[in-house]
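Please look through the sequence and the structure before reading on.

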Amino acid sequence: MTTACPTGMAPTHASSAPNNSLAGRIDALPSSAGLWRFISLLALGGFFELYDLFETGYISSGLLATGVFHTGSAGVFGFSDQAAFASATFLGLFFGASLLAPYADRFGRRLTFMCALMWYGLFSLLMAFQQSAEMIILFRFLVGIGLGIELVTIDTYLSEWVPTHLRSRAFAFSFFIQFLSVPAVALMSWWLVPQTILSLEGWRWVVIAGALCSLVIWFIRKNLPESARWLAQQGRHQEAHQVLSAMEKRCGMTPGADFPPDDAAAQLPKKGRFSEIWAPAYRKRTLMLVVMNFFQAIGFFGFGNWLPALLSGKGTTVTHSLLYAFFITLAYPLGSLICSRYADKFENKWQIVMSSLMTVIFGTLFAFQTNPVLLIICGFLITYSNAWLTFSYHAYQTEIFPTHIRARAVGFCYSFSRLSTVFSSILIGLILQYAGTQGVIAFIVLSMLMVMLSVGIYGPKTRGIDLENI
């Protein structure tokens, strides 16, 4: 019989959940069309979040070209408005993930999820009609708050609904859908940014498209079920049984027998406390994830958000850099799709290490390329490794904390990736100005080495282990 994890204690062994337990019934869900449709529906929300994150680098050239943004000391805060724009995004993400994402532990995954999506869509739409750099940066900060809540809640939601044997594969497939947004925003920016349509500059249409589509998705996703694990942990036993039975029907199964009232998921405290993530059993995990998130964001967003600028630094024109960036960003969805074929065959911690090593190798090669074809190949492989890293660590960090503090712990650790990007966005702008593309790539390579060391040495194993037993 699986037993509950006492506060401050974490089991270190894997065990098979009984068939009539909540975990056992979730683990028995088959790899069916119904389950993958549910995963796809969750991923659609993440599509527009990543669309918005990656538009940072692509619309900046349009904002500069129209005279709204300025470079160097002419910027609003005395430095490049592009850097301030990126920093505002990630400062908002930091506040959303660290301060507001914990409400998903209090009010549920579904409600938090829907509120965050609505928040993001509305403020993104308002940002598209601002005329000054100051107001655009302010609204970008507000958009970032919604994004920070949404991304943490998606990860928590997904990990709690997917069977153990499909967790990594589900995250990889989810990010395949989410990452389709990256070439989408790159292509739309290449097409729209140089144009003016109906008296609106092209960059505004890029923003409007993402905002309107996200609000459409809000209506499509209203029927998503609440997390059965969260309901059971809240003592809402009958509701947990009902949503789980509905999921079993969705997957083509006969609903299972009701799980017992003393099920492991129901024995967790109804409310988690911030101090619990620093309990002896979780302290090392928390510190490991803080370090990992801080440095992986430099590598991921340092390359992703600054890709057009890095390519321009190699001598390409704005139009060519946006077109090259489109081909390079195809690796985000393709990498996730390819990785989904083997994601469950390896420990997530080692996938994080290997993907970081891949970024180190091809990032070094990218720094020394001048040939357009070789630039695209190296950039494609860096992007592939970033896609591999992303789904691996998103799955990993949701696995290693219990349900009652999962959103709080993940939000806190994940927020450090946003905090680091606030400062690294400014720092990368300065490095690019004084040390060029090679200096930026060196900064990224060193950051990924820190990711490898922190996770490789201190990360626990999770493959094939029920969430209740990690």
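What covers the buried residues of helix 9?

## Helix 9 and its cover

The model is a predicted one. In it, the cover over the buried residues of helix 9 includes helix 2 (33-65), helix 5 (109-127), helix 6 (133-161), helix 8 (181-192) and strand 2 (200-201). The buried residues of helix 9 are Gly202, Trp203, Arg204, Val206, Val207, Ile208, Gly210, Ala211, Ser214, Leu215, Ile217 and Trp218.

Helix 9 runs over residues 202-220, which makes 19 residues. At 1.5 Å a residue, a helix of this length should span 27 Å, and the C-alpha atoms at its ends are 28 Å apart, so the two values agree.

## Helix 11

Helix 11 covers residues 237-250 and has 14 residues. After helix 11 comes Gly252, which has a positive phi, near 80°.

Buried positions in helix 11 are His237, Ala240, His241, Val243, Leu244, Ser245, Met247 and Glu248. Their cover includes helix 1 (22-27), helix 2, helix 6 and helix 10 (228-233). Helix 2 and helix 6 are also among the elements that cover the buried residues of helix 9.

Leu42 is located in helix 2. Its relative accessibility is 1%, and buried means under 20%, so Leu42 counts as buried. Leaving out residues up to four places away in sequence, Leu42 touches Phe113, Ile154, Tyr157, Leu158, Arg221 and Leu224. In sequence, Leu42 and Phe113 are 71 residues apart, while their C-alpha atoms are 9.5 Å apart in space.

Glu150 belongs to helix 6. Glu150 counts as buried because its relative accessibility is 0%. With residues up to four places away in sequence again left out, Glu150 touches Gly45, Glu49, Phe113, Ala116, Leu117 and Arg221. Phe113 and Arg221 are also among the residues that Leu42 touches.

## The loop between the strands

Leu198 has a relative accessible area of 70%; exposed means over 50%, so Leu198 is exposed.

Ser199 lies in the loop between strand 1 and strand 2 as well. Ser199 is another residue other than glycine with a positive phi, near 65°. At 68% relative accessibility, Ser199 counts as exposed.

## The whole chain

The protein chain contains 18 helices and two strands. A compact globule of 470 residues would have a radius of gyration near 23 Å; the protein chain has 22 Å, which agrees. Along its principal axes, the C-alpha trace spans about 65 × 45 × 40 Å.

Of the 470 residues, 63% count as buried. Among contacts between residues at least 6 apart in sequence, 83% join residues at least 24 apart. The chain exposes about 16900 Å², and carbon and sulfur atoms supply 68% of this area. There are 30 positive and 23 negative side chains, and the centres of the two sets lie 3 Å apart.

Terms used:
Residues are numbered from 1 along each chain as its sequence is written. Side-chain values use heavy atoms; hydrogens and water are left out. Helices (H or I, at least four residues) and strands (E, at least two) are DSSP runs, numbered from the N terminus. The expected span of a helix is 1.5 Å times one less than its number of residues. Buried means under 20% relative accessible area, exposed over 50%, partly exposed in between (1.4 Å probe, protein chains only). Contact means heavy atoms within 4.5 Å. The radius of gyration is taken over C-alpha atoms; the globule rule is 2.2 Å times the number of residues to the power 0.38. Accessible areas come from the Shrake-Rupley method with a 1.4 Å probe; for residues, only the protein chains shown count as cover. Lys and Arg count as positive and Asp and Glu as negative; His and the chain ends are not counted. The place of a charge is taken as NZ of Lys, CZ of Arg, CG of Asp or CD of Glu.
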